Every structure is written in structure tokens, then in C-alpha cells.
Amino acid sequence: MNKLTRAAAAALLACAVALPAAATATAATTSAPSPSPAPFSAATAATAAAASAATTPTAASVPDRPADRLALRLPAPTGPYGVGSSVLHLVDRSRTDPWVPEADGREVMVTLHYPAARPATAPHTPGRPAPYSTREEARLLLEAIQVDDPASVRELARIPTHSAVDVRPAAGRHPLVVLSPGFGMPRFTLTGLAVDLASRGYVVASLDHAYESSGTSVPGGPALTCVACTVMEESGWSKGALVTGTRAADTRFVLDRLTGPRAAWRFASSIDRTRIGMAGHSVGGASAITAMAADGRIDAGVNMDGSFWDAPPSDRLGGRPFLLLGTDAYHRPNGEDTSWDTTWAALGGERRWLTVDGAEHLDFSDAPVLLGHFGVPGGALPAERAIALTRTYVAAFFDEHLRGEDQPLLDGPDPAHPEIRFHRP
């Protein structure tokens, strides 16, 4: 098998949070009243190979990448707006970093995607094209599995994002959505969803939580690597609630800096601070409910295929709406991850439980596009279909609950989306 193909598969699979059921026997249970397995994997190839042997492609099953493979690109956004992009480096010096206590506060890198003044129908959004990642972040993602291929590092960093740097935002105030990635995965792996939401009229803040990804570039210093991965391994995966609690605190801090009196972003006036949502993939999705329980400013939340580590919210989120969107194989009612059953029973207000037939854990991120580009077999869903389903249902949920727009799509099965299964246990 081609070395780079194997590397691309291992890098992404190693960063996945959810492991196969066979690996959950060694995972710690939550402190919730009804414990359930909440598996993680570290961002190392060795851990991925040991923990996810049931699903990781082998040399015999993964073909060499095609010599004439298509260009590496994300599907174009679907909304009427062009998209702008800004990057912020925020430091909360009131907190000690839980993974590196000697650090000077808790760092959070934020990419903001937002509706641009120039519409999507224009020939292009003027301005410098926004990069997918820094060169160092791309290098670290591949270096994690001992691959040194400068051409592919450049290719990964330069994926077209359909957005331009710091262009003028569209007039008016727009709802804000915070995105949190899977454990070990950089924030840029949610770019496809972020850009699409921005094109539909949302300001989207994608967070990199310090020391929790394969690599996060910060101004004036070396990239922050996944110290938390090592801590989680050494603790026997018993610190899941520390991850979600830390991410909830990161989210509160970012909201303060985006919507407070001394906003850190030059275009912060385009945010409607009365309409805020949060979504995340894997542990990022589990963190959404933790953040909502701690911060009443978050009006609606989405968990994309993440196991819950924390006890269900005692106040039923005060009636605020929440969407569970996951793989049918793992997250159907009474399935392998019983944390969804426990949390569902404790949710109040408008709640939805949807699963995607044929989806795999990484299908709720950009991973299907990256894996497919390198010729790595994916799940039953083609990459663009997986991304389209995630975009469609996440946007519909926020349109209904942040904009007050009725969404019949959320009422039951739709013949145009036969993969989506509705559950009302």
C-alpha cells in the first residue's frame, strides 16, 4: 500500500474519539446516574491501531491512491452569502490550563466564518483566499504517523475554503454558532460545516482547545500539540468530564470576548448576542450540552455523534432545544452508547434524536473528503452525501431555534433524505 495513503487514513482515524464497541471494555464510565461507555482514542497511530483494529483499513484493504486523483476540495457552500474568515488568538489568564499548568493561562484559537457583504452569486469573494490550516498544523497532522511529505503538507494546508480573509461582513446582525471539534482533531476539520452555515447567514466560531489537537498554531510560539492525549491514555480514559468541562469554560470565555463590551473581533457588531447556538463533533458535541448547562446564553445545541461523559443537566436545560445527530449503528436508542438514552430522558424543551443510516463516526466532519482524496475506503455514504446531510440538518435545527423559521424537515422522515432516521423513545 502507498505510504501516504496509509498515513492519511491513520492520521484521521487516530484522532477519532469514538472507538468500536470492542474497545469500550477498557474505557472509564461516566459519573452520570446511568453510566455508559464513553470511549476515546489518542492522536497517535499506535493507539489507533490497537484500539480500532476492527475498523482501521489494513494494507490489504486500502488501495494505493490513484495517480489522477481529484483535487482536494470541500463541497461549495449552499447559502446566498459569500463568506469571510478571521482568526483570533485568545488567552484566558484567569484560568490554569488543565493539561499544561505552567502555561500562561488557557489559550483558544478561533476561526470565525461569517456572511460577507458580497453575495455568493458574485464571481468570487474579493480578498485573499482563507487557508484551510497553517502549514505547521498540516505537517503535524501527517507527522503524527511518521510521514514526511512536503507536497502533501502543502496540499492539505491549501484546500480551498470558499472564504476570504477579513472581508467586509454583510449588513445586519447574525446569529452566532460555536463549533467544537472531536478530541485530537483540529478545528479546521469542521470547516465544511462552518463555511456552509456562514453562507446561510450565521457567524460561526470554530474553536481549537489548547493541547487537545494534533497541532494548533499560535502566534509567536511553537504549535500546541496533544498533551491531553497522553494524559487521557495514562489515566485510562477516566478524565472525559475534565475535557467537556474545560471546553465549556473555553466556550464561555470565547462568548465573553465576542459579545462583551470590549470585543476581541473587529466585526463583532455583526453578531446578534441574543441568538447563540453551539454544535460539536464527538467530544465537542458532548461538550455542547455541558456548555449549555453552564451558560444560559446558549439557546440551542447539537451533538454530532459524541458520547456523553457528564451527568444529564438537572434543570433539563431550562427547556432549551437540543439535537442528537449520530451514526445509526452506534447511536440508535438502546444501542451500544447508552449515554444517549440517559441524556435524552433528561432533556426538556424541543428535542430531536436523528441517526444516519450508513454513516461512520468521522462522517460528521471534513474527514470523508480527506480520506476519499487519498483513496481510502469510507463508509456506505459517499463523502459529499455525508457532508450534505450534516449541513442540511444542523442548519435546519438552528434555523428553527435561532431564527424562528419553521422547519418541516425536522418533523419526520423525508423522501429526499432516506438515510435519516427519526427516533422518539
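Helices (H or I, at least four residues) and strands (E, at least two) are DSSP runs, numbered from the N terminus. The model is predicted: local features need pLDDT of at least 70, side-chain atom pairs count only at pLDDT 80 or more, and totals for chains, interfaces and linings use all residues. Residues are numbered from 1 along each chain as its sequence is written, and side-chain values use heavy atoms, with hydrogens and water left out.

**View 1. Pro186 in the loop between strand 4 (174-180) and helix 5 (191-199).** Pro186 has a relative accessible area of 1% and is therefore buried (under 20% relative accessible area; exposed is over 50% and partly exposed in between, with a 1.4 Å probe and protein chains only). Leaving aside residues up to four places away in sequence, Pro186 touches Pro181, Asp208, Ser213, Ser214 and Gly215 (contact means heavy atoms within 4.5 Å). Ser214 is 28 residues from Pro186 along the chain, and their C-alpha atoms are separated by 6.5 Å.

**View 2. The crossing of helix 7 (residues 240-259) and helix 8 (residues 283-294).** The two axes come within 8 Å and cross at roughly 60°; axes are lines fitted to C-alpha atoms, for helices over the stretch in contact, and angles run from 0 to 180 degrees between N-to-C directions. Helix 7 is therefore oblique to helix 8 (angles under 35 degrees count as roughly parallel, over 145 as roughly antiparallel, 65 to 115 as roughly perpendicular and the rest as oblique). On the helix 7 side, the contact is made by Val243, Thr244, Gly245, Arg247, Ala248, Thr251 and Arg252. Helix 8 contributes Val283, Gly284, Ala286, Ser287, Thr290, Ala291 and Ala294.

**View 3. The aromatic pair Trp265 and Phe267.** The whole structure holds 9 aromatic pairs (rings of Phe, Tyr and Trp, the last by its six-membered ring, pair if their centres lie within 6.5 Å; planes under 30 degrees apart count as stacked, over 60 as edge-to-face and the rest as tilted). The ring centres of Trp265 and Phe267 are 5.7 Å apart and the planes stand at 85°, so this pair is edge-to-face. Both Trp265 and Phe267 are buried.

**View 4. The aromatic pair Phe308 and Trp340.** Here the centres lie 6.5 Å apart with the planes at 50°, so the pair is tilted. Phe308 sits in the loop between strand 7 (300-304) and strand 8 (322-327), and Trp340 in helix 10 (residues 339-346); the pair links distant parts of the chain, 32 residues apart. Phe308 and Trp340 are buried. Ring pairs join Phe308, Trp340, Trp344 and Trp353 into a cluster.
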